[in-house]
Each structure stands twice: as C-alpha cells, then as structure tokens.
Amino acid sequence: MSTFGNAMWILFGGGLPLFFAYLLGGVLLCVTIIGIPFGIQCVKLSFLALVPFGKRIEGAASSAGFLAVFMNILWILTGGITLVLIHLVFGLLCALTIVGIPFAKQHAKLAALALTPFGHSFH
C-alpha cells in the first residue's frame, strides 16, 4: 500500500514540487555557514515530502536537548510557521474530497515535522 500511496502522492499529491522546494531551500541554506543545520533539516524534509507513505516520525521535541529546542525556536521564528500553514492549507484542500483524505493525513504529518524538525527522525 505504501508504494501505491507514494506513487499517487508523487503524481497527484504534490510530492515532486514539495521535494524540489525543500531541496532547493536546503541547498541554499547550506551555502551559508550559519544555515547548514537548517539546510540539513530541509533536505531531510525533502525526502520525507517525496515519499511520506509508510514513514513514521520518531522522537519528540520535549525529550530533545537544549540545543534542539533552541534550534526549533529559531526554525519557527524564521519560517517554520509558514511551512506549517502551507501544509495545513494543502491538507485541508485535500481533505475536501474523500479521495484526498490519505493525502491530507500526509500533509498533517509533514506539518508536524515542519514545525519542529530538530530532535525528530523518520523511518
């Protein structure tokens, strides 16, 4: 099911545009020395945005160390809110149809990770 879901996600759910947007943002952030940690998180988000079906998010920001919490606060203040709102809007649009509900769930998963990516991993 996850292979079929990922194929449908790439074709109809916005997987490719999300992948390239996160990847481009990650590469541009990695060009600066200060932005490297944020760029790495964007690259990780890009791969999750490409094939989200069958992936689980592990770890919690509350159990992360001080550095992860600090980086999450910087992330939220510098663009994390925008990413979350984008995923929530697309998730709501997908949820308007019965066929789009699985895509809406994936956007909700991406929104949760886009809010606080530091201290989380996905498998």
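The largest nonpolar core holds 21 residues, and Trp9, Leu18, Tyr22, Trp75, Leu110 and Phe118 have the most contacts inside it. Such a core is a set of buried Ala, Val, Leu, Ile, Met, Phe, Trp, Tyr and Cys residues joined through side-chain atoms within 4.5 Å. Buried means under 20% relative accessible area, exposed means over 50%, and partly exposed lies in between (1.4 Å probe, protein chains only). Helices α2, α3, α4 (66-95) and α5 each supply at least two residues of this core. The largest share, six residues, comes from α5. Helices (H or I, at least four residues) and strands (E, at least two) are DSSP runs, numbered from the N terminus.

This is a predicted model: local features need pLDDT of at least 70, side-chain atom pairs count only at pLDDT 80 or more, and totals for chains, interfaces and linings use all residues. Residues are numbered from 1 along each chain as its sequence is written, and side-chain values use heavy atoms, leaving out hydrogens and water.

Helix α1 spans residues 2-12, and its Gly5, Asn6 and Trp9 are buried. These residues cover an arc of only 100° around the axis, which puts them on the same side of α1. The arc is that of the directions from the helix axis to the C-beta atoms. On the other side of α1, Thr3, Phe4, Leu11 and Phe12 are exposed. The buried residues of α1 pack against α2 (15-31), α3 (36-50) and α5 (101-115). Contact here means heavy atoms within 4.5 Å. After α1 comes Gly14, whose phi is positive, near 90°.

Now take Tyr22, one of the core residues with the most contacts. Leaving aside residues up to four places away in sequence, Tyr22 touches Cys42, Val43, Leu45, Ser46, Ala49, Leu83, His87 and Ala114.

The whole structure has zero disulfides, a disulfide being a pair of cysteine sulfur atoms within 2.5 Å. The sulfur of Cys30 is 8.3 Å from the closest cysteine sulfur, in Cys42, too far for a bond. Cys30 is partly exposed, with a relative accessible area of 32%. Cys42 is buried, at 8%.

Next, the aromatic rings. A search of the whole structure finds nine aromatic pairs. Rings of Phe, Tyr and Trp (its six-membered ring) pair if their centres lie within 6.5 Å; planes under 30 degrees apart count as stacked, over 60 as edge-to-face and the rest as tilted. Phe38 and Phe118 have ring centres 5.7 Å apart and planes at 90°, so this pair is edge-to-face. Phe38 lies in helix α3 and Phe118 in the loop between α5 and β2 (121-122), so the pair ties together parts that are 80 residues apart in sequence. Phe38 is buried, at 13% relative accessible area. Phe118 is buried too, at 9%.

Phe53 and Phe103 form another edge-to-face pair, 6.2 Å centre to centre with 70° between the planes. Phe53 lies in the loop between α3 and β1 (57-58) and Phe103 in helix α5, so this pair ties together parts that are 50 residues apart in sequence. Both Phe53 and Phe103 are buried. With Trp9, they form one aromatic cluster. Trp9 is also a buried residue of α1.

Leu88 is partly exposed, at 42% relative accessibility. Leu88 and Leu110 are 22 residues apart in sequence and 9.1 Å apart in space, C-alpha to C-alpha.
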